Each structure stands twice: as structure tokens, then as C-alpha cells.
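Here is a brisk report on one protein model.

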Amino acid sequence: MYYLSTDLFFPPVDQANRDGILAIGGDLSSERLKLAYTSGIFPWFEEGEPIMWWSPNPRMVLFLDELIVSKSMRNILNRNVFKVTFNQNFRDVISNCQNIERDGQNGTWITNDMIESYCKLHELGIAKSVEVWQDAVLVGGLYGIDLGHVFCGESMFSKVSNASKVAFIALVNHLKKENYKLLDCQVYNPHLESLGCREIERGDFMKILKSR
């Protein structure tokens, strides 16, 4: 495991340990975050911990043509229950991702410093958000890092049933139209698997990431 200094540097991702932790320390500057994501690395830590940088193997991804939309979800989309926007309320989306209660989790890994750092990336046009509205109220959404050919999803939230799924589906449809190669979902969870995501070898993920 590598301990970062002030130098703008990450070791090769194949030096990550079995859990996927590659490095500790450094900062959340825009320059370091950009280098991390373009190198297949992302930060993930809790308040009071040092910054931890991850590159897990395997990697959870969605090949865009493999998106699964259930019949019930199609009915919801067809009824236009929700309105979807892009990049209209980034700070509100990431703040909701920080504050939403999640089953099996105590607290959040989205620290206040992380919010400010990702809002700076949003101002630079690198971090993007999807907002889902119901009756003019923000009820769901997601955010992530846009690399131009790969979108690195970070977190999503839902205040009403299915709102985060609507955000996810809207994002995937947008990425398909723009000929993106992949949606990076980082690590496995069953909810993502139900939407068509699957694990691939880190080496295969890195080939796609570097193929631009």
C-alpha cells in the first residue's frame, strides 16, 4: 500500500491490495481527483479517516446495451410520473446522497470536504448530476465523473420509490446517445446487478478506460 505525499502521483493499479486499496493520504484537489479517475482510481473513506484510494478487482460496470429495465419500470417511465434534468442542482444531489439513510449503513462516506471538492469538479465541467423531480420537488438523482467516453458513477439517492432507477436509466440512455463505452459502478451490489451491471477484471476495465 502506497502512502501519498504532496506529489501528484498514484502507483499502478495492480499494486492495490486484495481489498482494492491502492494508496492512502494525499488530498482531494481537482488535479488529483482528475488523475485518479483517469487512472482507474477513486477515493472512498469515512469522516475522521485518512483519504483512501481504491482500484478494486473485479470492477462493477455496465455495458450500456446490457441495461435491464423491468416491465413495471417501463410502465412508470411511460406514465411520465417524474421529470428528469441534467446538471441543474449538483450540490443538492450530492448533499442528498450524503444525508439519505441507507439500509445497513451507519453514517456516510461523503464527507463535507468531499462535497466541496466534487462541487469544484462540477464547476470545471467534470462532475455531472442527474436530477429526478416529482411535482417540482427533487426526489432522486445521482452524480459522477464524466471522462468523455466512460462515466464513473459515484452515488445516487431516492426519496420516493423508483426515483434513483429513473435517474440511472436516464443517464444510461444519454450515454448511449453520446456513444460512451461504459458506465463504471465501482463495486458490486445486488441493486446494480438487477439493472444489468456485472463484474469484469480490472485489467479489462483499464483497457477500456485507456482506449480513448
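## The β7 strand and its partners

Lys128 stands opposite Gly144 in β8. The model behind this pairing is predicted. Strand β8 covers residues 137-146, and its pairing with β7 is antiparallel, over 8 bridges. The two strands form a hairpin with 2 residues between them. In that hairpin, Asp135 takes a positive phi near 55°.

On β7 there is also a pairing with strand β6, residues 83-86. This one is antiparallel too, with 4 bridges. Phe86 sits opposite Val130 of β7.

## The seven-stranded sheet

Which order do the 7 strands of the open sheet take? The order is β6-β7-β8-β9-β10-β5-β11, with mixed pairing. The edges belong to β6 and β11 (198-200). Each has a single partner strand, so one side of each is left without a neighbour in the sheet. From one strand to the next, the twist averages 35°.

Met60 stands opposite Glu199 in β11.

## Helices on the sheet

Helix α4 packs on this sheet. It touches β7, β8 and β9 (150-158), and its direction makes about 95° with that of β7.

Helix α5, residues 163-177, lies across β5, β6, β7, β8, β9 and β10 (182-186). Against β9, α5 runs at about 160°.

Helix α3 has its own set of buried residues: Phe90, Val93, Ile94, Asn96, Cys97 and Gln98. What covers them? The cover includes α4, β7, β8 and β9.

## Where α1 meets α4

Two packed helices are described by the angle between their axes and the distance between the axes. Helix α1 (residues 30-38) and helix α4 (residues 112-123) pack at about 80°, and their axes are 10 Å apart. That angle makes α1 roughly perpendicular to α4.

Which residues make the contact? From α1 come Ser30, Leu33, Lys34 and Tyr37. From α4 come Ser117, Tyr118, Lys120 and Leu121. By class, the contact has 4 nonpolar, 2 polar and 2 charged residues.

## The four-stranded sheet

A second open sheet has 4 strands, in the order β1-β2-β4-β3. Its pairing is mixed. The edge strands are β1 (2-4) and β3 (42-43), and each pairs on one side only.

Strand β4 covers residues 52-54 and pairs with β3 in the antiparallel sense, over 2 bridges. Pro43 has Trp53 of β4 as its bridge partner.

Thr111 lies in the loop between α3 (90-99) and α4. Is Thr111 buried or exposed? Its relative accessibility is 4%, so Thr111 counts as buried; the cut-off for buried is under 20%.

The side chain of Thr111 reaches the backbone nitrogen of Met114 at 3.1 Å. Leaving out residues up to four places away in sequence, Thr111 touches Phe45, Glu46, Glu47 and Gln98. Gln98 is also one of the buried residues of α3.

## Backbone exceptions

Most residues other than glycine have a negative phi, and most peptide bonds are trans. Where does this model depart from the trans form? The peptide bond from Asn57 to Pro58 is cis, with omega near 5°. Pro58 is placed in the loop between β4 and β5.

Two asparagines have a positive phi: Asn87 at about 60°, and Asn179 near 65°. Asn87 is in the loop between β6 and α3. Asn179 is in the loop between α5 and β10. Asn87 is partly exposed, with a relative accessible area of 30%, whereas Asn179 is exposed, at 64%.

Notes. Residues are numbered from 1 along each chain as its sequence is written. This is a predicted model: local features need pLDDT of at least 70, side-chain atom pairs count only at pLDDT 80 or more; totals for chains, interfaces and linings use all residues. Side-chain values use heavy atoms; hydrogens and water are left out. Axes are lines fitted to C-alpha atoms, for helices over the stretch in contact, and angles run from 0 to 180 degrees between N-to-C directions. Angles under 35 degrees count as roughly parallel, over 145 as roughly antiparallel, 65 to 115 as roughly perpendicular and the rest as oblique. Contact means heavy atoms within 4.5 Å. Ala, Val, Leu, Ile, Met, Phe, Trp, Tyr, Cys and Pro count as nonpolar, Asp, Glu, Lys and Arg as charged, and the others, Gly among them, as polar. Two strands pair if DSSP finds at least two bridges between them. Buried means under 20% relative accessible area, exposed over 50%, partly exposed in between (1.4 Å probe, protein chains only). A polar contact is a pair of N or O atoms within 3.5 Å; within protein, one must be able to donate a hydrogen and the other to accept it, and residues adjacent in sequence count only if both atoms are side-chain atoms.
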